[in-house]
Every structure is written in C-alpha cells, then in structure tokens.
Amino acid sequence: MQNSKLFQDWGLFLKGMDPEGIQLSFANHLEYSLSKDQYTATMRDLYHSLALTIRDRLVERWIRTQQSYYDEDVKRIYYLSAEYLMGRALTNNMINLGMYEATRKAMEEVHIDLEDIIIEEPDMGLGNGGLGRLAACFLDSMATLELPACGYGIRYEFGIFDQHIQKLKQVEKPEQWLRYGNPWEIARPERRQTVKFYGRVEEVVGPDGELKVTWRDTEKVVGIPYDTPIGGFGNNTVNTLRLWSARASHEFNLHFFQDGDYLKAVEDKNLSENISKVLYPNDQFYKGKELRLKQQYFFVSCSIQDIVRRYLSCHGDFDAFPDKAAIQMNDTHPSLAVPELMRILMDDHGVSWEAAWDITVRTCAYTNHTLLVEALEKWPLSLMEKLLPRHLMIIYEINRRFLRDVSVVFINDDDRLRRMSLVEESGDKQVRMAHLALVGAHSVNGVAALHTRLLREGPLKDFFEMCPERFSNKTNGITPRRWLLASNPALARLITRHIGQGWAADLDKLKQIEPLAEDADFRRTWTGVKYNNKEALVRVVQDITRLSVDPSSIFDIQVKRIHEYKRQLLNILHIVYCWLKLKEEDGFDIHPRTFFFGGKAAPGYVMAKLIIELICHVAAAVNRDRTTRDALRVIFLPNYRVSLAEKVFPAADVSEQISTAGYEASGTSNMKFSLNGALTVGTLDGANIEIMEEVGEDNVFIFGLSAEEVVAVGKDYAPRRYYEQDPVLKKAVDLIRNGFFSPDRKDVFHPLVDGLLAEDRYRIMADFAAYHRCQMDVDALYRDRGEWVRKSILNVARIGKFSSDRTIREYNRDIWGAEPLTINREEKSAQGFRNIP
C-alpha cells in the first residue's frame, strides 16, 4: 500500500488555507462528520464544523512536529500543572495559523457571521485563576518559540464552576464544558496508564543481596489521555496538551448486574471517575482531602509514566534522561512527581537510590506561586500513609538524607532542622509539599522580583541559605496573541498600521509607537478605539445584567479571583465612601465613573463569598439612587471567565491592582490591562513594581504601604484609629455593619466589619486615605483627556517586557536547556506508517 502517497494527497485537501478550501472542508465536515445539511444544522453544528476544519490544518502540522521531535531525539519540556484556563480555542488557532481573515471571508461568502460561530464555543475553564491562565499562556509561547514541549494535566469533566448571582449572593453551578463534546481533543486510549492507590509495601532481600520493594494489594485506576493541539504563532510547530481522564480498571461487573445489584455493578466506575470529575473538590472534610490528593497523584503518575515510556522508546538506559526531559512543576500540586519518578526508576527499572536521586533532581524544577504560608500545601501523614504508602516511604528516606546534609552544613541547629524537614512534626503530622518540591528540584523560581526576594527572605529563607544557586526569578508574562491581537483587534490593527505586525511575536517592538503619543491625530484615533471597546462592553453588561452603563464614564475595573488579600473590600468600601461624600459634601465632585467587579470565590471560602455579597448589595443600593447614579455606578459581572475577560480588558480605563503589598506573587491581569491601554492604580506589590519601572512612575498611580512597611506595622497596628479619625469612613463602615445595605439580614456583614476593625490583617484601614487620594488623582487626570490618552499609549508602548515569550526564553535559558526546532513545511520522505511515541 502506498500509504505515504495517500497521506500526501489527502494533505493537499486538508491544507487549503484560502476561502474556497476552507468552505470545502467546512461543508464536508458538516455533512460527513456531523451528518447535517443547511436545513438541519444548528449554530452549534456550524461551530463544530468550523473547529474541525481549523483542527485539520493543525493536525497536519501536529503530526509533522511530533515526527521531527522523535527523529531528532530532542530534549522535551514537560509542564505539569493542575490548572489550564484555556478559554476558547477557535479564534486563537485561526490567528496562530494566519487564517483568520480567510476564514472570516469564507463564512461571509456563505452568509454566516464568524462572530456568531465563535461565541458558540464554551470556555475550557480547567483552572481557578492566574495559575491556570499562566499555564495556557506558557503553552502558547513554547509553541511560538519552537520549543519541544508538552503540557500535562487533568481533563476535568466539570471545570471551574459557573457562577450565578441569586439574591445578591454567589451560587455555584456545574460548568458542563463537555456537554456537547470537544472538537479540539483526540482521545489516545492506546497510551493509557495504570495508577495505583492504597495497598501495602513489601520489602524483600533478593538473591543478590539487594533490597527489593514491592507495592502490593493496590486499587487501580486507568488514566486515558486526551490530546489537544497547541499551535505556535506564525510557524509550523504544534505541541501537545495531554489531559488525563480517570476510568475504572474494571468498569462493569456483569455478575452484580445479573444478580440485580445495578448500583454495585458500576460502583468501581463511578468511584474511579470521581478523580477527574471536578476541579478542586471542597477539601474542608476528610473525603474531600482524599479526593484532592488522589487527583494530584493520578495526573502526576500518568504523566511521569508517559514521560518515561517516551524516553525509553529511544534509549536503553536512564543515563541521558535529564538531557532529554525537563519536568517543570507549576506550584506544589505536581510535587509528587519527585517521589513518583524515584519510585519508577527504582522499583520498575532497578536504578539505585543514588542514581535515581541524581536523575530526579537534575530533571525536576519547581515554580512557587505564593507567599501565603497557609497556601503552601501540606497533607496529613495518616492520609499519605493510607493512600500512597510507597511514596511516604520514599519521602521519609529523602527527608532522612536531606536533614543529614543540613546538619553537616549547619551544625547543632535543631530549630533549622525542624523548619526544613519535609515532615511537620508539631500537632497533626503533615508532609510539606513545597519542601518536597524544593529538595527534589535543581531549580526553584519565584514569579516576580519582589516575590522572589520575599521568598528568599521569608518562608524559603532556610532553603536559600542552604542552596542559593537553585533560586532565580522568572517574572510572569502574558501572550500578546490572545490578549491584544485576538481580544482587541481594533487596537491591534491601529498599531499594525503604524509599525507592522512584528510586535505580535516580539512585544518589545511596541516601543515604536511611543513617539506617536505626541501625535494628536493618533491620540484621537486611539480614543475612538477605546470608546468603541467600551460600547462593546456596555452591550455585554446590558445582556448579562440588564443594567445600562454610560460609555463616557471612567471604566474602573477590578477582575480577579476573590480573596481577602486582593482587597476587593477596600475598593467597595471606598465606593461607599465616595457615594456618601457625593450626597453630603457640596464641594465634592467626581467625573462619572463605573466600577466593575468580577471574579469567583472558592465555594468553601466564606469571607470571600461575603465580599461578593457586599459588592452586590452596595451596587443594588447605589445604582437606584437617582441623585448620584449619573456620577457613580457599580456593576458585578457574574461568571467571570476568559471569554468575558477578552471583552473587559480592551474597555478598561483604570486597572485596580490593590493587593496588600507583599501578598501577591505577581499577578497577570495587571499586564493585560496595561497592554490594552488602561492605567494602573496599584500598590507596590507583585509585578506592579516592575510595570511601574517599565512604563514610568508618572504613568501609573501607586499608593499605600510597601511590603516592608506592612511588616513593620506589626503588633502596634490599631485599625480602629483610622475609623475614628475620618467621620465619612466611620459612617461608611457603620452603614455596612448596621445593615443599611442588607435590611433583610442586618447582621450578615458583621464578620467583615469586625475583622476590619479588630485585626485588619490586610491593612485596608492603613491604606485607605492614600487610596482615596490616589483615586482623586485619577479623577483629575482623566479630565485632561489629551494627557490621559498620552499615558495610555505609553503604557502599551513600554509593556513589552511582560510577554510570556520573554518569560519562557528565560526559563529555557536558565532551567530547561531545550533547543528550539524549526518544523519545515516540506513533506517528509515516504516512510510508511510509524508509531510516534
């Protein structure tokens, strides 16, 4: 069979990038893939047909990419992350393939609005916030930079919940992103992996005198991989996102079924599939904790087994493993990669401890994403012993050897040994997962300059003093393809018209528009683009909230995960403060401003959900006040997600980045806002500092305590003093506490106010006056439209550092050491069918 010729001929059909070729492929998929015609096809069918049409063009490049990686035996980057907040794929893939305009024209010629198709795609919301969105940006950049890479994670059946606002409170509903299937993924059941849980460990001395360890009597779960192509921008590289779905090793028990016990017949199937059912099940109770740990080990084990399998397809031993594989652990969720790789090397392949440890450390690297000690994962020893007894044994041995190394460097320092141990001995004994990742990796990085410095000086100080060479900073970044080229096409066209499209692959080229900030005509056009984007958001708001918004008002936006340290409470308290001043102070005047909030609170996070409830109650009261609503309105955008963010960022005038200094690791919404021309109101926290350094202090609004000053306030801090000194602030706080905004439940916000006046952990009261002054500066500058627009242009022109392409280059230069591989468009020579790992 001349299968190579068959594939080449078929490829000619697939690769049509012009409108006619797209229409032909689109019609064929509608008829032959979906069995629909023009009379029966729904808009969702049209989306699936177009997605399959675009996927065809990716697949041809995908196969060639993987063949090239195999042929060249390249070093591959393996990115392990529990979250991937991918959003919609259709527009991004069309742009990266360079066929957006051809596709738009193709659809237009058959009287279909491309935008109507695009909005049919559900968000792939397999993440909770910045961690998952960062992972998505990194995959885009790795493919764009032609780096051999593969992302690994979990194919959650239900991703981050859909957020509804009912009776002014957050209500969580399942997010059924897979309800109608996912046209982008391809199941690979032939690459399934078996994962073991529970059981017991048996140690036997073999005939050669070596200790053999066997993990027996385990329960088994099967991981089925689903692959999604990740195309690079402007090249032929297509990498893979491989997500694991859990299945029972024996899905159906016919014996129980025939006996009439229908539930028992599928019990194993249901219990196993729970592992990949939901993103972050509530771990406030034991079963939830057990399921979370199962999730983490499930995807880590599947991934490490897969990495080892792929490596062994080209190599007979493990000598070159660290030269062919770089495993990056995105936060602590994948930290079980360390003992799992050790287990596979030692137990399955007979590698000695010393050699296995050398391979593991040289292969693994760890990114830390938090300064919050309570967010550094710990698992109860009893749970670990029950669920993963072999791994706990390995962790104990890692800890024993590591503490011996510490004791040699720091003689007679028992406190240091206690602090650095992988096992927390006080209270209920727990395994410190961040310590496991730190010890088992050759590289540890923070995600912003301040964050990395505070890690070295704070929670990871002991480890930095032990191994300073392992620590580095890799400031986060965002992909300009999604966050400007795709989400703000009008601004992208304006920029491209003046400096060309090279900026999409080299964001530093945006500096070329800096001189245009002084051009009155350019500023006028820039203003028009922003206004049109604001009108587009107004239509979205009208559609989802039934509220009207004035597009000429200042769009002041805070969208991010709801958390106390991110200080949405400071923002809404200040809104009440300004509302009172508008009503009671004759001389107080502000430019009309609309305050937007968006974000989800974790289902078990009571205080965060209360903050959402407070925002919604204040909005309901303020928006009905006829005396002030022309000057001040409040909007809570429900179910904030990537596709909604793509409408929000282009419309923003003001970016609220007001976390307590020293608490935000980096943030990436600050970068997205600046890239789209919003001016930052922020604290000296996370990446805000570096944004200020890049765009200039005169082009941002900085307020509040520094990280050092937050610490210095310490035990002497008395938040009630600020409350007593400012009568308007006191009245605002009292209105909230006394139930003015919640007349049916007057005490509902007592926990928020009591915490604010008693402890105020996140220094809201200390920063309040400075925040108000900063906001008045914003108001004054906005009235000078020419100067405001000039600063907006300068923000975009100087934001080039914050491309995820730059971040990935630094990871690869300092940590991974993979060589880029250019994938050529020419057909490869005839080789017949091949099994590419």
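**Charges first, then the backbone**

Let's start with glutamate 694, which is partly exposed at a relative accessible area of 32% (buried means under 20%, exposed over 50%, and partly exposed in between, using a 1.4 Å probe and protein chains only). Bear in mind that this is a predicted model, where local features need pLDDT of at least 70, side-chain atom pairs count only at pLDDT 80 or more, and totals for chains, interfaces and linings use all residues. Numbering runs from 1 along each chain as its sequence is written, and side-chain values use heavy atoms, with hydrogens and water left out.

Glutamate 694 sits in helix H28 (residues 688-695); helices (H or I, at least four residues) and strands (E, at least two) are DSSP runs numbered from the N terminus. On the surface, a patch of negative charge brings together Asp506, Asp508, Glu693, Glu694, Glu697 and Asp698. The areas are Shrake-Rupley values with a 1.4 Å probe, and for residues only the protein chains shown count as cover. Asp and Glu count as negative, Lys and Arg as positive, and His and the chain ends are not counted; each charge is placed at NZ of Lys, CZ of Arg, CG of Asp or CD of Glu.

Now for charges that do find a partner. Side chains of opposite charge can pair when their charged atoms come close. Searching the whole structure turns up 65 salt bridges, each being a side-chain nitrogen of Lys or Arg within 4 Å of a carboxyl oxygen of Asp or Glu.

One of the pairs is lysine 277 with glutamate 157, at 2.9 Å from N to O. This pair links distant parts of the chain, 120 residues apart: lysine 277 is in the loop between helix H10 (267-273) and helix H11 (286-312), and glutamate 157 is in the loop between strand E4 (149-154) and E5. Lysine 277 is partly exposed at 21%, and glutamate 157 is partly exposed at 33%.

Glutamate 518 also meets arginine 790 in a salt bridge, 3.5 Å from N to O. Glutamate 518 is in the loop between helix H22 (489-499) and helix H23 (520-545) while arginine 790 is in helix H34 (residues 785-797), so this pair ties together parts 272 residues apart in sequence. Glutamate 518 is exposed, at 54%.

Arginine 790 has a salt bridge to glutamate 787 too, at 2.9 Å, N to O. Both of these residues belong to helix H34 and sit three residues apart, about one turn of the helix.

On to the strands. E5 (residues 162-166) and E6 (residues 169-173) run antiparallel and are joined by five bridges; two strands count as paired if DSSP finds at least two bridges between them. Histidine 164 has valine 171 as its bridge partner in E6. The hairpin has two residues between its strands, and lysine 167 there takes a positive phi near 55°.

That phi value turns up again at aspartate 217, which is not a glycine but has a positive phi of about 55°. Aspartate 217 lies in the loop between strand E10 (211-216) and strand E11 (219-231) and is exposed at 56%. Serine 35, likewise not a glycine, has phi near 55°; its loop runs between helix H2 (19-33) and helix H3 (43-72).

Strand E21 (residues 593-598) is largely enclosed by the rest of the structure because six of its six residues are buried. Arg593, Phe595 and Phe597 cover one side, with Thr594, Phe596 and Gly598 on the other, all of them buried. Strand E20 (residues 554-559) runs parallel to E21 and is joined to it by six bridges, with isoleucine 557 partnered by phenylalanine 596. Helix H26 (residues 642-651) is mostly covered as well, with nine of its ten residues buried, including Leu644, Glu646 and Phe649.

Notes: Patches are made of residues with over 30% relative accessible area and no salt bridge: like charges are joined within 9 Å, nonpolar side chains (Val, Leu, Ile, Met, Phe, Trp, Tyr) within 5 Å.
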